[in-house]
Amino acid sequence: MSETTLNRYQQLAEDIADGIRAGALRPGERLPSVRQTCAQRGVSPSTVFQAYARLESQGLVEARPRSGYYVRATRRAPRAEPQAAPPRDEATPVAVSELVFDLLESTRDGDVVPLGSAFPAAHLFPFDTLARCGARAMRRLAPARITGALTAGDEGLRHGLRRRYALQGIALAENELIVTHGAMEALNLCLQAVTQPGDLVVVESPTFYAALHALERLHLRAVEVATDPRDGVDLDALAGLLSRQRVAACWFMPSFQNPLGALMPPLRKQALVELLARHRVPLIEDDVYGELHDGARRPPPAKAFDREGGVLHCSSFSKCLAPGYRVGWAAAGRYAPAVTRLKMMSSLATALPPQLALADYLDHGGYDRHLRRLREALAAQRQRALRLVERCFPPGTRVTRPQGGYFLWLELPKGVDALALHQRAMAEGISTAPGALFSADRRFTHHLRLNVGHPGDRRFDAALRRLGELAHAG
Ligand SMILES: Cc1ncc(COP(=O)(O)O)c(C=O)c1O
């Protein structure tokens, strides 16, 4: 066990997983019944059920109807997943931008294999169709539509987006949706609308470095809460934090968290929303990867459980349809008037041509067909990359198994310095995103986020193999 504190069910699942990996529990063997495990471990049936469900979702055991849980037959036990690491329970002033700027600059070179980038391969997106939609929409543009689109965004696009929310069972109020310059502007405006300089904002650990940038820019303090690669935000830790400190907002990614890929189960999302509503703390929900799910249905966002307008749901087309168009939005709940005002005061409105192209595409472009193909390509490539990581990285390496998105998060053996590894890899034309980028206190020293969203690009296989060799060298 590392120095982390796990919930009871996570601890139980981890112990059983260790037994499977060590061969103490063999393929085909039945796990003890729920009642036996309760008695042996002194835990409740729900703890055992949660632990077995976790092992099932990790692919280590399978449930057989009316018979119990059995160890799955795998040729080789998969590598363990990284564990949530409880951060220090104190506010940190944020200053990660220099490190991020240096790294982003170093990965801009087109000859570099972009394992460190945040975008999937450009060939996955329907740029030709989008261009046709844009040309058609611009030819038809009525001048009145130009001023009508100030400030909240083009009516046609907002209608198309509201329809997609409605199909998920989320009824947005007429003026709740504000179109922005990518999700990044939506997130920044929402954060500004609910905080004052000096306020405390809860972020995940690890978190997306741009969340740390946004806090730094607005002179906010970060307090981090542990996030499990499978279950997302540690709700017990968050509840404790909320009872001890005055928190102005939370900024979380409940679906396919960047960098972990964690997908909070719907019941936990609901519990999160209810917990925050009790404390009157707004949730800024960063949901740019929600469409990139492996399962048959889009996971509901936390916004789906919001009864009081306390969730500011932010997303964009940048990762799933139109990178570079820079079109995003906020469904800002009861904060929508404040967010609209800030939008007006900062950039007035979002450029109309890309909005029109996307509005036309939502009507005629075949968005759902495109999404199905994209998801399949990304899921297959993720599996391929996982197999390479299994084969090529040093013993003791842990790796996440996300159910969507295109990132893998690796916890390398403790002696490996991920920043030094990044530099050695860069010298050979391979970028990575080292763990230090993903926390205000730079605590993820032997961790890496890898982008595996480039199906068909054979350079990636070779780059992953080479990275594994470099990691062996420490
Ligand atoms: C979690 C997360 N949120 C937001 C963004 C930014 O989205 P956009 O490009 O639409 O501004 C990114 C981009 O990498 C991201 O990973």
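Biologist: Among contacts between residues at least 6 apart in sequence, what percentage join residues at least 24 apart?

Modeller: Please note that this is a predicted model. The count takes contacts in the protein between residues at least 6 apart in sequence, and asks which of them join residues at least 24 apart. That share is 75%.

Biologist: What is the radius of gyration, and how does it compare with the globule rule?

Modeller: The secondary structure comprises 16 helices and 17 strands. For 474 residues the globule rule gives 23 Å, and the value for this protein is close to that, so the protein is as compact as a globular protein of that length. The radius of gyration is 22 Å.

Biologist: Is helix 7 parallel or oblique to helix 13?

Modeller: Two packed helices are described by the angle between their axes and the distance between the axes. Helix 7, residues 155-167, packs against helix 13 at an angle of about 40 degrees, with the axes 8 Å apart. Angles under 35 degrees would count as roughly parallel, and 65 to 115 as roughly perpendicular. The angle therefore makes helix 7, relative to helix 13, oblique.

Biologist: Is Gly365 buried, partly exposed or exposed?

Modeller: Gly365 lies in the loop between helix 13 (352-364) and helix 14 (367-392). Leaving aside residues up to four places away in sequence, Gly365 touches Pro126, Thr129 and Cys133. A buried residue needs 20 or more other C-beta atoms within 10 Å, and an exposed one has 12 or fewer. Gly365 has 18 within 10 Å, so its class is partly exposed.

Biologist: Is Arg280 buried or exposed?

Modeller: Arg280 sits in the loop between helix 11 and strand 10 (283-286). Its phi is near 55 degrees, a positive value in a residue other than glycine. Because Arg280 has 8 C-beta neighbours inside 10 Å, it counts as exposed.

How values were computed: Residues numbered from 1 in each chain as written. Predicted model: local features only at pLDDT ≥ 70, side-chain atom pairs only at ≥ 80, totals over all residues. Helix = DSSP H or I, 4+ residues; strand = E, 2+ residues; numbered from the N terminus. Contact = placed C-beta atoms within 7 Å. Axes fitted to C-alpha atoms, helices over the stretch in contact; angles between N-to-C directions. Parallel < 35°, antiparallel > 145°, perpendicular 65-115°, else oblique. Rg over C-alpha atoms; globule rule 2.2 N^0.38 Å.
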